Amino acid sequence: HSKFQPTQSSTYQVIGTPFSIQYGTGSLTGIIGSDRVAVQGLAVSDQQFAESISEPGKAFLDAEFDGILGLAYPSLAVDGVTPVFDNMMAQNLVELPIFSVYMSSNPESPQGGELLFGGFDTSRFTGPLNWVPVTQQGYWQIQLDNIQLAGTVIFCADGCQAIVDTGTSLLTGPTKDIKELQKLIGAVSVDGVFAVKCSSLDVMPELTFTINGLPYTLSAQAYTLTEYADGEAFCTSGFQGSDIPPPTGPLWILGDVFIRQFYTVFDRGNNVVGLAPAVP
């Protein structure tokens, strides 16, 4: 991993506040520092960030990334640090107080995806963006009206809360619901992962999230992951059980499995999330 070397930066300032955070997987401790943070030509001055000193376990060891860029609301920030997007807005570095995420569903695509600060990219989605109110300003939290499998409401019949989260790879929900869902799609537990027959994808049921009155449907191709090893395809369920205790939870997490199918606009000006079918 590339590491941050404070001594090599003339704009670095020690803040020194101790820092610790726990993620869904992995945790870290360290201290707060401050520096100029540049993202593709957007230079944010005096941005405080955590310098990670200790990372127990292997969660981040094999990860492709060197750090984490938090884009949730300031209320979620550890030590009251101002998040980078809040500073972008305050320093007038973005045209609009929004950022947008495209994740490609095509593994062959030259670009894995796109994170756009200050706008959205109409070439990445089809039809209109549908705007969904944020219900709780911490995570990007929204209301789900219900969850249907093959057109029948199976979970969340009276509505429930979900977060749209780029930092979660899969689609997660309460353990008892996910256990039931794995059973309903015919996924079986093999070595700790839920496997499905790759040949069955065409006949497996669609999963639909009703959000703000509109259906967001995932085909089996969308909610499963296909890996190739020794010329053999191996398919696994993209669903994972995760129990978030009250008062924060319970929550469904619409992670990358969902975002790959639906272009997502995070609007801090209006506190809404925009969703539209992504261009594959």
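**Reading the model residue by residue**

Reply: Val279 is partly exposed, with a relative accessible area of 31%; buried means under 20% relative accessible area, exposed over 50%, and partly exposed in between, with a 1.4 Å probe and protein chains only. This is a predicted model, in which local features need pLDDT of at least 70 and side-chain atom pairs count only at pLDDT 80 or more, while totals for chains, interfaces and linings use all residues. Residues are numbered from 1 along each chain as its sequence is written, and side-chain values use heavy atoms, with hydrogens and water left out.

Me: Where does Val279 lie, and which residues does Val279 touch?

Reply: Helices (H or I, at least four residues) and strands (E, at least two) are DSSP runs, numbered from the N terminus, and on that basis Val279 lies in the segment after β22, which covers 272-277. Contact means heavy atoms within 4.5 Å; not counting residues up to four places away in sequence, Val279 touches Tyr102, Ser123, Arg124, Phe125 and Thr126. Val279 and Ile147 are 132 residues apart in sequence, and their C-alpha atoms are 23 Å apart in space.

Me: How should I read Leu144: is it buried or exposed?

Reply: Leu144 counts as buried, because its relative accessibility is 0%. The residue lies in strand β8, residues 140-144, and, leaving aside neighbours within four places in sequence, Leu144 is in contact with Cys156, Gly159, Cys160, Ala162, Phe209, Thr210, Ile211, Trp252 and Leu254. Sequence separation and spatial separation can be read side by side here too, for Leu144 and Phe49 are 95 residues apart along the chain and their C-alpha atoms are separated by 33 Å.

Me: Which element holds Val257, and which residues does Val257 touch?

Reply: Val257 lies in helix α4, residues 256-259, and is buried, with a relative accessible area of 0%. Setting aside residues up to four places away in sequence, Val257 touches Ser169, Leu170, Leu171, Leu218, Ala222, Tyr223, Leu225 and Gly238. The C-alpha atoms of Val257 and Asp230, 27 residues apart along the chain, are separated by 25 Å.

Me: What should I look for in the backbone, and where are the cis peptide bonds?

Reply: The angle to read is omega: the peptide bond from Pro246 to Pro247 is cis, with omega near 5°, and a cis peptide bond also joins Gly249 and Pro250, with omega about -5°. Pro247 lies in the loop between β19 (239-241) and β20 (252-254), and Pro250 lies in the loop between β19 and β20 as well.

Me: How many helices and strands does the protein have, and how does its radius of gyration read?

Reply: The protein has 4 helices and 22 strands. The radius of gyration is taken over C-alpha atoms, and the globule rule is 2.2 Å times the number of residues to the power 0.38; with 280 residues, a compact globule would have a radius of gyration near 19 Å, and the protein's 20 Å agrees with this. Along its principal axes the C-alpha trace spans about 60 × 40 × 40 Å. Buried residues make up 41% of the 280 residues, and among contacts between residues at least 6 apart in sequence, 60% join residues at least 24 apart.
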